[in-house]
Amino acid sequence: KYENLNFEKLDYDRPESITKAFNYCKEYCENLHTNIAEGKGLYLYGEDTGTGKTIASVCIANYALEHLVPTLFTSFFEIMKTIKAIYDKQSKLSEDEYIEKLCEVELLILDDFGAELKKNNNDFFNQLVFQILDKRLKNNKATIFTSNFGLNELIKHGLSRRNAERILEICLKNFYKLTGNSYRLKLLQDA
């Protein structure tokens, strides 16, 4: 669906917070090899759906792939589903091999981060997040997150503080809140 999406094809007629985030993501790509070498991450968030968090991260992924940077675009829902398939013997990969792939890819983009959190029983999720983020951080690998929640909100929903601290360290000051009405709903209304 998003295979040919890039920053030139985006509609920039959106609220200022969204266009600022899009422009920063475009700058991130213009300095991609430096950002990757430095393990520089990015966190795009906002409680409103349809504002462009996923679209912006897809544009980064497509740019990275065009420039031959090994990139994986996924979600923790998909990661946990794959691990369950490994446990159920429906995969030839071992859990360690799969997690190693997640830890070693040059650019990992985690879409809709935190959607898997429940009010309780987040131990497995937090252990898995820690295992991946800690190793990526130590190996200086770039990670991009999109989420409907800021970090404090994720902690309230069950993200451990040590995982939040790793996200802070990976993304440094690169946190962008996108606010505004759903672009998807606007497209439906205009149709």
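Tyr43 is buried, because its relative accessibility is 0% (buried means under 20% relative accessible area, exposed over 50%, and partly exposed in between, with a 1.4 Å probe and protein chains only). Phe175, with 23% relative accessibility, counts as partly exposed. The model is predicted, so local features need pLDDT of at least 70 and side-chain atom pairs count only at pLDDT 80 or more, while totals for chains, interfaces and linings use all residues. Residues are numbered from 1 along each chain as its sequence is written, and side-chain values use heavy atoms, with hydrogens and water left out.

A search of the whole structure finds eight aromatic pairs (rings of Phe, Tyr and Trp, the last by its six-membered ring, pair if their centres lie within 6.5 Å; planes under 30 degrees apart count as stacked, over 60 as edge-to-face and the rest as tilted). One of these joins Tyr43 and Phe175, whose ring centres are 5.1 Å apart and whose planes meet at 35 degrees, so the pair is tilted. This pair links distant parts of the chain, 132 residues apart: Tyr43 belongs to strand β1 (residues 42-45) and Phe175 to strand β5 (residues 175-177). Helices (H or I, at least four residues) and strands (E, at least two) are DSSP runs, numbered from the N terminus.

Phe113 and Phe125 also make a tilted pair, because their ring centres lie 5.9 Å apart and their planes stand at 40 degrees. Here Phe113 sits in the loop between β3 (107-110) and α6 (123-138), and Phe125 in helix α6, 12 residues apart. Both Phe113 and Phe125 are buried. Another ring, that of Phe130, has Arg162 over its face at 3.6 Å from the ring centre (a charge sits over a ring if NZ of Lys or CZ of Arg is within 6 Å of the ring centre and within 35 degrees of the ring normal).

The strands come next. An open sheet of five strands, with parallel pairing, has the order β2-β3-β4-β1-β5 (two strands pair if DSSP finds at least two bridges between them). β2 (71-74) and β5 stand at the edges with a single partner strand each, so one side of each is left without a neighbour in the sheet. On average, neighbouring strands of this sheet are turned by 10 degrees against each other, direction ignored. β1 pairs with strand β4 (residues 142-147) in the parallel sense over four bridges, and Leu44 has Thr146 in β4 as its bridge partner. Three bridges join β1 to β5, again in parallel, and here the bridge partner of Tyr43 is Phe175. β2 and β3 are likewise parallel, over four bridges, with Leu72 opposite Leu108 in β3. Helix α8 (residues 161-171) packs on the sheet and touches β1, β4 and β5, its direction making about 115 degrees with that of β4. Contact means heavy atoms within 4.5 Å; axes are lines fitted to C-alpha atoms, for helices over the stretch in contact, and angles run from 0 to 180 degrees between N-to-C directions.

Finally, the cysteines. The count of disulfides comes to zero (a disulfide is a pair of cysteine sulfur atoms within 2.5 Å). The sulfur of Cys25 has its closest cysteine sulfur in Cys29, 7.3 Å away, which is too far for a bond. Cys103 is in no disulfide either, the nearest cysteine sulfur being that of Cys171, 16 Å away. Cys25 counts as buried at 0% relative accessibility, and Cys103 counts as buried at 1%.
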